[in-house]
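Welcome, and thank you for taking a look.

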Amino acid sequence: MSAATTRSRTARTPVPDRLCAEAVDLARAAAEEAAAPGVVGEHVAVVSEGDRVVTHYFECKDPAYRGWRWAVTVARASRAKNVTLDETVLLPGGDALLAPEWVPWSERLRPGDMGPGDLLPTEADDLRLEPGYTGEDEPPPNSPVSGELAELVESEDAELTTRPGTPRRGSIASVADELGMRRARVLSRYGLYAAADRWDEGFGAKTPMAQAAPATCVSCAFLVPLAGSLKQAFGVCANEFGPADGHVVSLSYGCGGHSEAAVMPKPPKPAPHALDTMRVDEYPLRPARDSGSVPAEPDAPSEDLGHS
């Protein structure tokens with residue numbers, strides 16, 4: 001074996017310094033000072049980090065850090081007999097319980113995680129969004145709000161345009177403001193398709209509720225259609241007893257609350273009364289003289305029957 005090979009192996013795995021390797025009590029005191037009482041366990045290993053630099057490893061008894069070890073590095077200066085403390089850290093071992101890999105918040109966020117007062121920022125290059133208006137802010141040359149007309153409007157309403165952040169009256173942004181159409185960004189085609197896929201997955205034709213439904217939402221009276229291109233495939237359920245009330249549903253979705261699935265029969269109409277209870281019948285106390293078979297003659301005077 002050559003001398004160069006011996007020197008290279010010695011540089012990779014130096015022999016631990018004797019004084020540093022014997023400074024176990026110094027390393028334990030440093031670990032106990034950094035840790036909670038009763039957390040530092042037995043001395044498990046000693047590793048040489050370089051010339052007169054040694055790291056002592058102690059067992060960690062904290063249940064939350066299973067498999068971790070306290071690492072205390074000590075060093076000694078050249079030709080010095082005193083060993084000094086370098087650093088004290090808690091390092092994971094081979095079977096240590098580690099936290100999962102860090103994931104950005106944008107990938108950890110799930111539907112329903114936002115609460116009152118939370119703010120959800122959107123990136124400038126979000127694929128779900130695109131600019132709300134394109135082109136220059138200046139109107140084209142043949143526009144009715146360009147050139148001299150724009151200057152005239154600005155001169156007449158100068159007091160209204162001195163506010164900070166207010167666009168010029170002759171600009172496209174100002175016209176969009178007046179029409180209520182000015183939005184910095186709008187939903188892109190990708191964002192539209194992504195939303196449609198989510199809605200179809202939650203309330204679409206492949207759900208168990210739709211598979212067992214007697215009819216689809218396209219023929220239900222409780223469906224409120226959407227505006228724009230989404231109205232061709234989606235609507236909002238307005239049945240308070242349905243499972244999708246207030247949700248965007250696919251036209252091919254369905255449930256047992258369909259308006260025409262089970263129409264209630266009309267209640268039977270009661271039969272008319274046999275007797276007319278609304279008319280008052282008159283009953284005289286004595287019968288009329290011309291109502292019977294006895295002729296109407298005056299009563300004869302009573303005769304004396306000769307009774308004593």
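The largest pocket holds about 580 Å³ of space. Here a pocket is an open set of points on a 1 Å grid over the protein atoms alone, with protein on both sides within 12 Å along at least five of seven lines; a cavity is a set of points where a 1.4 Å probe fits but cannot get out, and lining residues have an atom within 4 Å of a point. Grid points are joined across faces, edges and corners, and a volume is the space filled by probe spheres set on the points. This is a predicted model, in which local features need pLDDT of at least 70 and side-chain atom pairs count only at pLDDT 80 or more, while totals for chains, interfaces and linings use all residues. Residues are numbered from 1 along each chain as its sequence is written, and side-chain values use heavy atoms, with hydrogens and water left out.

Who lines this pocket? Of its 20 lining residues, Ser106, Leu109, Leu120, Asp126 and Arg128 are the closest to the centre. Two elements, α4 (105–108) and α7 (189–202), each give two or more residues to the lining, and α7 gives the most, with four. Helices (H or I, at least four residues) and strands (E, at least two) are DSSP runs, numbered from the N terminus.

There are also two cavities of 30 Å³ or more. The largest cavity has a volume of about 80 Å³, and its lining includes Thr216, Cys217, Cys220, Cys237, Cys255 and His258.

The table sets the two linings side by side. Ala, Val, Leu, Ile, Met, Phe, Trp, Tyr, Cys and Pro count as nonpolar, Asp, Glu, Lys and Arg as charged, and the others, Gly among them, as polar.

| Space | Lining residues by class |
|---|---|
| Largest pocket | 10 nonpolar, four polar, six charged |
| Largest cavity | seven nonpolar, five polar, no charged |

Now to the sheets. Four strands make an open, antiparallel sheet in the order β1-β2-β3-β4; two strands pair if DSSP finds at least two bridges between them. At its edges are β1 (40–50) and β4 (83–92), each pairing on one side only. From one strand to the next, the twist averages 20°; axes are lines fitted to C-alpha atoms, and angles run from 0 to 180 degrees between N-to-C directions. Antiparallel β3 and β4 are joined by nine bridges, and Val74 stands opposite Leu85 in β4.

Arg76 also belongs to β3 (residues 68–76). Is Arg76 buried or exposed? Arg76 counts as buried because its relative accessibility is 16%, where buried means under 20% relative accessible area, exposed over 50% and partly exposed in between (1.4 Å probe, protein chains only). The Arg76 side chain reaches the backbone oxygen of Ala80 at 2.5 Å.

Another open sheet has three strands in the order β7-β8-β9, again with antiparallel pairing. Its edge strands are β7 (223–225) and β9 (248–250), and neighbouring strands are turned by 50° against each other on average, direction ignored. Three bridges pair β7 with β8 (residues 234–237), and Pro225 has Gly235 in β8 as its bridge partner.

Just one stop remains. Ala212 sits in the loop between α8 (208–211) and β7, and Ala212 counts as exposed because its relative accessibility is 66%. Ala212 and Gly254 are 42 residues apart in sequence, and their C-alpha atoms are 8.1 Å apart in space.

Methods:
Polar contact = N/O pair within 3.5 Å; in protein donor to acceptor, adjacent residues only side chain to side chain.
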